[in-house]
Amino acid sequence: MGASQKRKKEKQKDFQKPKLKVGKAKAKPDNFTDTSFKSKSIVLNQQSLKLNAPTANAQFTHHLSLLSSKSDAQRRDSIAHLTTSITARPVDSPLPQPVSMILPAVLPLILDANSGVRTQLLKLLRSLPESDVQDHVIQLLPYIRAGMTHLAADIRLSAIEILSWLLHVAGAEVVSSAGGWVKTLNCFLSLLGWHTEASSKWTSISSASASATTKTSTNRSTFGKAGAAGRPQVKVLAVLAEFLQAGFGFQEADSEGDEVAAAGGPFPIVQVQAQMIPRTAAPYLYLNLFGQPRDEEGEMYETREDRYRVFESRFLAAVEKGVEGARQEGGEVGRASAGVRRALAEGRT
């Protein structure tokens, strides 16, 4: 009995209220912590307290990293921020990040399923300096061709719009790059249904029963909603005409080299054009010294004669037949085919 009474008293101590006496301070609890000390600074391990806001370059890099976010709204807003940062910078000031770092992050968005993201992407590409884009055409074209042969109609049209922008910015670089001529033409023929035996592998909608060399436009891929009334096809024909004009157009002569050649130059200089400093970033890229062996599709065709020779042997018959079918269709499609006919006539001259 004595032990049990002792345990009861020990338990009751926790619930007993201490009696306070006048003039005496209240007893401090056992877990009391003294906070009366003063310190000039507090150091926390693995934590930094900054009062300065992140710089514009840091924010630009942060939004570049957000382009791979799973949220459509986040990707769209990040691209909008990047576009604003580029367009709002002072004149003649460098970009927050070089184009060589921006393009690898934004190019996969050409195939993005969200239309708002692709629209903002086109605005971002248009805000980039043209001189910087010309040196990265080889990086852009594979994504554009993948978009042109995509299963989704909206993505195909977005890729066509991006290709139109690229032709205005760097048309000569597009048609003379490795694979930029033959592979892109295959994509156009696949998109319009003007297939040849070589280009039929670029699409999965070709008819298995077709045995002729060229296939009719009945195999043309669809362009989305039925209410479009041929407008997407008009856009594709217009961009095809721009592409052919860039490939068949006469190249601008080097004015500096012409002046030296006209003056005769100091003897014994010959072939003045070959002696001038190259204006491109990779003047010997066409030699393919360190790349994989190329076939006819992946070859570089730097002169209009080479491009027309390949076009005449592989695509001319299919394109002429397709243009004639578009002309007979009439309406906006027939008018758009006139641009392709003019480009073909220019190539023959």
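1. Val319 lies in helix α14, which covers residues 316-329; helices here are DSSP runs of H or I with at least four residues, numbered from the N terminus. The model is a predicted one, in which local features need pLDDT of at least 70 and side-chain atom pairs count only at pLDDT 80 or more, while totals for chains, interfaces and linings use all residues. Residues are numbered from 1 along each chain as its sequence is written, and side-chain values use heavy atoms, with hydrogens and water left out.

2. Val319 is buried, with a relative accessible area of 2%, where buried means under 20%, exposed over 50% and partly exposed in between, using a 1.4 Å probe and protein chains only. Leaving aside neighbours within four places in sequence, Val319 is in contact with Leu189, Trp194, Phe311, Val340 and Leu344, contact meaning heavy atoms within 4.5 Å. The C-alpha atoms of Val319 and Phe188 are separated by 9.8 Å, although these residues are 131 residues apart along the chain.

3. Helix α15 (residues 331-348) has 18 residues and should span 26 Å at 1.5 Å a residue, which agrees with the 27 Å between its end C-alpha atoms; the expected span is 1.5 Å times one less than the number of residues. Buried residues of α15 include Val333, Gly334, Val340 and Leu344, and the buried residues of this helix pack against α10 (231-248), α13 (304-314) and α14.

4. Glu332, also placed in α15, is partly exposed, with a relative accessible area of 40%. Not counting residues up to four places away in sequence, Glu332 touches Arg231 and Val234, and its C-alpha atom is separated by 9.1 Å from that of Gln233, 99 residues apart along the chain.

Technical notes: Helix = DSSP H or I, 4+ residues; strand = E, 2+ residues; numbered from the N terminus.
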